[in-house]
Amino acid sequence: MQAGATRQLVDAAARAIAGMQTDTEIAFEALDDDPLFAAYRDRVAEAIEALPDWADRYLLSLRRGEVEATTALVAEFQARTSLANAELEAAVADVDAAAAA
């Protein structure tokens, strides 16, 4: 069994995640409502909705020292980010193509 992360590390991670969630929610509210960006907005909304549960699981895995679970949760978060970025890139490419036409 692995030793868990220190309380200071878990508390710092919790604060960082809470700040990230707040910043993301504020940025989400400011997103353009152009239909070309709908898929991106949907991905971001899904990520915001999933974040509290993800954060609970992540922080618990840190406390318990579950390295594999923590690593898997980081990969899950990165996958969500990659999907959102792909949607944004596709929307920007569509805008560029429309502008060039």
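Visitor: Which side chain meets Arg57 in a salt bridge, with what N to O distance, if we start from Glu76?

Guide: This is a predicted model, and in it the side chains of Glu76 and Arg57 themselves meet in a salt bridge, at 2.9 Å from N to O. The pair links distant parts of the chain, with Glu76 in helix α3 and Arg57 in helix α2, 19 residues apart.

Visitor: Which residue forms a salt bridge with Asp53?

Guide: Asp53 pairs with Arg57, the closest N and O atoms being 3.1 Å apart. Both Asp53 and Arg57 lie in helix α2, four residues apart, which is about one turn of the helix.

Visitor: And how exposed are Asp53, Arg57 and Glu76?

Guide: Asp53 is partly exposed, with a relative accessible area of 45%; Arg57 counts as partly exposed at 35% relative accessibility, and Glu76 counts as partly exposed at 28%.

Visitor: How many salt bridges does a search of the whole structure find?

Guide: The search finds six salt bridges. Among them is one between Arg64 and Glu66, where the closest N and O atoms are 3.8 Å apart, and there is also a network of salt bridges that links Arg43, Glu46 and Glu87.

Visitor: Switching to rings, how many aromatic pairs are there?

Guide: The count comes to two aromatic pairs. The rings of Trp54 and Tyr58 have their centres 4.9 Å apart and their planes at 10°, so this pair is stacked. Trp54 and Tyr58 are four residues apart in helix α2, and are therefore separated by about one helical turn. Trp54 also forms a pair with Phe77, and this one is tilted, at 5.0 Å centre to centre with 35° between the planes.

Visitor: Which residues end up in the cluster that the ring pairs make?

Guide: The ring pairs link Trp54, Tyr58 and Phe77 into a cluster. Trp54 and Tyr58 are both buried, with Trp54 at 7% relative accessibility, whereas Phe77 counts as partly exposed at 28%.

Visitor: What makes up the largest nonpolar core?

Guide: That core has 10 residues in all, including Val10, Ala13, Ile17, Leu51, Trp54 and Leu73. The elements that give two or more residues to the core are α1 (7-29) and α2 (38-64), and the largest share, six residues, comes from α2.

Visitor: Where does α2 bend, and by how much?

Guide: The bend is about 45° at Leu51, and a proline, Pro52, follows within four residues. Even so, α2, with its 27 residues, reaches 39 Å from its first C-alpha to its last, close to the 39 Å expected at 1.5 Å a residue.

How values were computed
Residues are numbered from 1 along each chain as its sequence is written. This is a predicted model: local features need pLDDT of at least 70, side-chain atom pairs count only at pLDDT 80 or more; totals for chains, interfaces and linings use all residues. Side-chain values use heavy atoms; hydrogens and water are left out. A nonpolar core is a set of buried Ala, Val, Leu, Ile, Met, Phe, Trp, Tyr and Cys residues joined through side-chain atoms within 4.5 Å. Buried means under 20% relative accessible area, exposed over 50%, partly exposed in between (1.4 Å probe, protein chains only). The expected span of a helix is 1.5 Å times one less than its number of residues. The bend at a residue is the angle between axes fitted to the seven residues ending there and the seven starting there. Rings of Phe, Tyr and Trp (its six-membered ring) pair if their centres lie within 6.5 Å; planes under 30 degrees apart count as stacked, over 60 as edge-to-face and the rest as tilted. A salt bridge is a side-chain nitrogen of Lys or Arg within 4 Å of a carboxyl oxygen of Asp or Glu.
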